[in-house]
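This report covers model confidence, overall architecture, surface and charged side-chain pairs. The sequence and structure come first.

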Amino acid sequence: MQSDKTLFKEVLPKEGLLYEEDQLSVILCKPKILPLKSVTLEKLEKMQKDAQNKVKEQEMESLGQSESDEQKMNDVIQNSNERFEGIS
């Protein structure tokens with residue numbers, strides 16, 4: 001029996017087009033993690049909280065309240081901010 005080279009002769013066309021078929025396959029990539037809040041929204045909320053605290057501090061200073069009243073006011077501010085964050 002002759003070798004495999006003599007059984008099949010390779011033929012390449014000299015004119016025309018060659019085609020090669022590719023099979024499409026799925027390519028998996030890392031999942032993208034999206035933030036629940038945008039950076040801009042977090043900055044705006046922080047600015048609003050700071051502004052509220054500053055206004056409350058100015059009100060406290062102008063009224064000349066005692067430290068215990070000031071602590072109560074800070075607790076009220078903190079509770080209202082927590083409720084505001086819970087809404088959004």
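What is the mean pLDDT of the chain, and what percentage of its residues reach 70 or more?

## Confidence and basis of the model

The mean pLDDT of the chain, where pLDDT is the predictor's confidence in each residue on a scale from 0 to 100, is 78, and 80% of the residues reach 70 or more. This is a predicted model, in which local features need a pLDDT of at least 70 and side-chain atom pairs count only at pLDDT 80 or more, whereas totals for chains, interfaces and linings use all residues. Residues are numbered from 1 along each chain as its sequence is written, and side-chain values use heavy atoms, with hydrogens and water left out.

Confidence in the chain is lowest in helix α1 (residues 4–7), with a mean of 58, and highest in α2, with a mean of 89. Where pLDDT is low, the predicted coordinates should not be read in detail.

## Secondary structure and surface

The chain contains three helices and zero strands, and along the sequence its pattern reads α-α-α. Helices (H or I, at least four residues) and strands (E, at least two) are taken as DSSP runs and numbered from the N terminus.

Of the 88 residues in the chain, 5% are buried, where buried means under 20% relative accessible area, exposed means over 50%, and partly exposed lies in between, with a 1.4 Å probe and protein chains only. The accessible surface of the chain comes to about 9,400 Å², and carbon and sulfur atoms account for 57% of this area; the areas come from the Shrake-Rupley method with a 1.4 Å probe, and for residues only the protein chains shown count as cover.

## Salt bridges

Side chains of opposite charge can pair when their charged atoms come close. With a salt bridge defined as a side-chain nitrogen of Lys or Arg within 4 Å of a carboxyl oxygen of Asp or Glu, the count comes to two.

E45 lies in helix α2 and is buried, with a relative accessible area of 15%, whereas K37 is partly exposed at 27%.

Another salt bridge joins the side chains of D50 and K46, at 3.3 Å from N to O. Both residues belong to helix α2 (residues 39–63), where D50 and K46 are four residues apart, about one turn of the helix. D50 is partly exposed, with a relative accessible area of 39%, while K46 counts as exposed at 53%.
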